[in-house]
Amino acid sequence: MLKINNLRKTYKDLVAVSDVSFTLERGQLVGLLGPNGAGKTTTVSMIAGLVTPDRGEVLIGDHRLSGDTDPVKRRIGLVPQDLALYDELTAHDNLRFFGALYDLTGAALEQSIASVLELVELSDRASDRVKTFSGGMKRRLNLAAGLLHDPDILLLDEPTVGVDPQSRNAIFDNLEALKQRGKALLYTTHYMEEAERLADRIVVIDHGNVIANETLAELHARVPAGPDGGRATLETVFLMLTGRSLRD
Amino acid sequence: MPITPLIAMVRKDLQLFFADRRAVIMSFIVPIAIGSFFGSIFSGPSTNTEAARIPVAIVDQDGSPISNDIVASARTDKNFALSLISADATRDQVRRGKMTVGVIIPKGFGDAAGKAFFSGGAKPQLDLLFDPSHATELAMVRGILTEHVMEAVSKEMFTGPGGRKAVDDALGHLQSTGLPSDEQRALGTMLHSVQAYYSQQDAAASTGASTRTRAPGLTMPYSTHEEAVTSGANIAYNGYAHSFAGMGIQFLLFATSGLGIEILLERQKGLWKRLRSAPISRLTLLAGKTLSMTIVALMTLLVSFAFAMVVFHVHISGSLIGFLSVAIATSLMAATFGLLIAALGHTPQAARGVSTLAVLMMVMLGGAWVPTFIFPSWLQQLTLVVPARWAVDGLDAMTWRGIGLAGAVAPTLVLLGFAAFFGIVAMSRFRWEEA
Ligand SMILES: Nc1ncnc2c1ncn2[C@@H]1O[C@H](COP(=O)(O)OP(=O)(O)OP(=O)(O)O)[C@@H](O)[C@H]1O
Ligand SMILES: [Mg+2]
């Protein structure tokens with residue numbers, strides 16, 4: 001459903017993404033892991049059409065993404081790393097605005113607003129201003145805004161930053177439900193346990209290159225069992241792959 | 001251009017604008033307050049209010065019939081707010097700025113002035129104390145005073161006892177004037193005729209044959225009729241029309257530069273990226289912003305004018321269509337100016353400082369604070385490159401100057417030209433790439 005081939009992006013001398021390829025299928029969640037500055041957000045931005053790659057291509061279905069107004073962008077939903085919400089507007093007004101950007105109007109728009117609000121359990125707060133929301137509620141609304149136009153592919157850039165365990169679990173449940181409904185999800189995170197719980201496949205990138213692209217089981221098999229005889233944690237695998245030096 | 005996203009963007013921007021209480025006060029309340037203030041200062045003499053009187057003090061140290069007369073006629077002068085106080089008090093009040101001009105009539109003034117009137121004796125001095133910040137009023141007071149002094153001196157010379165004495169003295173000292181003998185003779189003849197005129201008046205007074213009042217002295221041989229020239233006889237200059245145009249323009253520019261900075265904030269918060277992920281063209285995104293900024297600017301201008309029309313009786317004496325076209329072109333210019341700030345600005349904080357300075361310079365040079373006609377002529381020429389100048393002039397033309405639709409054409413076209421220029425530069429410099 002989503003196929004990216006040899007994406008590359010440089011900013012002057014800095015290579016943000018060097019060579020990244022992977023695929024994402026219907027009903028699958030791919031975890032995109034990597035340390036700070038690895039090039040995760042840049043990759044997501046290229047897939048969403050916000051940044052033009054220097055090289056490589058993004059294929060949605062069989063269609064090559066091209067241009068700002070490419071209708072195929074409708075099949076993508078972006079849930080950005082920074083909260084993309086207007087604090088001074090109500091939850092409902094925010095959703096109405098983002099829905100209208102995808103040409104949704106009238107009853108169809110109201111219906112999608114109601115259904116995404118229900119999914120993230122914010123129906124009763126629809127007419128409150130976002131600035132009165134807690135961090136977890138804002139994250140859930142941020143997710144809801146990306147789902148309004150019912151995209152096939154969801155790009156989630158660190159969707160659980162600064163969220164308490166309750167809200168985080170609620171978001172996980174939402175994502176699992178979406179996966180069940182056949183959506184394709186790309187999930188960017190630093191949190192290993194999130195990837196362990198959700199991901200069908202894990203793509204690890206570092207310095208703009210893919211250094212691992214495998215299933216959870218394959219990844220675990222790479223390292224010998226820990227001293228207590230149990231499975232190595234993904235944390236260990238990750239540090240082994242990317243090294244221990246500080247980034248940024 | 002897809003209409004649903006466009007309307008949604010404008011609606012969202014307006015919702016955010018009205019949710020921001022500071023922005024609303026700055027756009028709708030502050031321009032009205034400052035416009036009213038400047039209007040009341042600059043409204044000048046209008047048909048129904050009297051001209052401001054100049055505070056003038058006269059100190060009469062002479063006490064002669066002539067000085068009494070000067071004081072009496074100055075007292076009736078409608079240009080003066082006259083006080084009679086001591087010399088020390090006068091000096092003190094002028095220094096404090098409470099009195100604009102102080103006139104001191106020194107001892108012996110009447111006498112000496114009479115002598116100087118007929119025979120060119122030493123001219124006595126009037127002391128004028130003035131506030132240096134009111135040099136223009138000094139010139140006015142000097143001119144008006146000349147009239148009163150000439151009238152008082154000549155009246156006394158032709159009809160009063162001082163005149164008889166002065167004529168007798170002048171006749172007695174004819175030889176000592178040093179004039180050539182034929183001129184001495186001619187002056188003698190004239191002074192004798194004046195003596196004859198005096199005796200006739202005395203005779204008429206004693207027989208009661210004449211009920212004529214004392215002859216007046218020399219008076220100004222003309223009077224003036226003053227008319228403020230606007231396009232129609234019934235149109236009065238209204239300082240509020242100018243001040244509300246000026247303040248409306250200043251604050252609509254503040255409003256649009258604020259909205260331009262909002263774009264930078266949207267970018268900083270990652271919202272702009274989110275908008276761009278929707279299948280919308282760059283042109284639509286910028287058009288949405290331009291449209292919402294134009295609407296806010298137009299509302300700012302129209303609200304402050306509506307207030308001025310209701311409260312201060314400002315009229316659109318020119319063309320209503322012309323007024324609206326200048327107003328819309330001004331708003332569009334301001335909107336693209338806001339877009340330019342978004343395109344050229346880096347951080348919202350830095351852009352805020354620079355744009356405030358740019359707006360203040362623009363409106364100051366554009367004549368929004370004080371009308372451009374008081375600028376030196378080189379500056380008047382130079383400010384033609386300032387868009388606010390065209391906006392102020394265009395609105396002035398359509399309001400109190402009462403010029404027809406034709407007067408709106410040039411300002412409208414020039415403002416649209418500025419809008420196109422700002423818009424093109426903004427589009428070409430706008431940063432779209434971001435991770
Ligand atoms: N617009 C830009 N201009 C210049 N350099 C950029 C830009 N965007 C990203 N970079 C650089 O590209 C590299 C990759 O950044 P990116 O945001 O993709 O990393 P990331 O993996 O998402 O990091 P994080 O985990 O911190 O979100 C970083 O070194 C970053 O500084
Ligand atoms: Mg990132």
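Let's start at ligand 1: a polar side-chain atom of A:Lys40 sits 2.7 Å from one of the ligand's oxygen atoms. That is a polar contact, meaning a pair of N or O atoms within 3.5 Å. This is a predicted model, where local features need pLDDT of at least 70, side-chain atom pairs count only at pLDDT 80 or more, and totals for chains, interfaces and linings use all residues. Residues are numbered from 1 along each chain as its sequence is written, chains are lettered from A and ligands numbered from 1 in the order written, and side-chain values use heavy atoms, without hydrogens or water.

Two further contacts. A:Thr41 places a side-chain N or O atom 2.6 Å from an oxygen atom of ligand 1. A:Gly37 uses a polar backbone atom, 2.8 Å from a ligand oxygen. Taken alone, ligand 1 exposes 640 Å², and the protein buries 69% of that. Those areas are Shrake-Rupley values with a 1.4 Å probe.

Which elements give two or more residues to the shell? Strand E2 (14-24) and helix H1 (40-48), both of chain A. H1(A) gives the most, with three residues.

Now the whole shell. There are 15 residues around ligand 1, and among those that come nearest are A:Thr42 and A:His190. Near means a heavy atom within 4 Å. Six are nonpolar, seven polar and two charged. The surrounding residues come from chains A and B, so the site is shared between chains.

Next, the metal. What coordinates the magnesium ion, ligand 2? A:Thr41 through OG1 and A:Gln81 through OE1, at 1.8 to 2.3 Å. A:Thr41 lies in helix H1 of chain A, while A:Gln81 is in the loop between strand E6 (76-79) and helix H2 (91-101), 40 residues apart. Donors are N, O and S atoms within 2.8 Å of the metal (3.2 Å for Na, K and Ca); water is absent, so sites may look incomplete. A:Thr41 is buried, at 19% relative accessible area. A:Gln81 is partly exposed, at 27%. Buried means under 20%, exposed over 50%, partly exposed in between.

Last, chain B. Its domain 1 covers 3-43 + 244-429, and domain 2 covers 54-205. Their C-alpha centres lie 58 Å apart. In helix H15 (387-398) of chain B we find B:Leu395, buried at 0%. Its C-alpha is 7.9 Å from that of B:His242, 153 residues away along the chain.

Notes: A polar contact is a pair of N or O atoms within 3.5 Å; within protein, one must be able to donate a hydrogen and the other to accept it, and residues adjacent in sequence count only if both atoms are side-chain atoms. Helices (H or I, at least four residues) and strands (E, at least two) are DSSP runs, numbered from the N terminus. Ala, Val, Leu, Ile, Met, Phe, Trp, Tyr, Cys and Pro count as nonpolar, Asp, Glu, Lys and Arg as charged, and the others, Gly among them, as polar. Domain bounds come from an automatic or database domain assignment. Buried means under 20% relative accessible area, exposed over 50%, partly exposed in between (1.4 Å probe, protein chains only).
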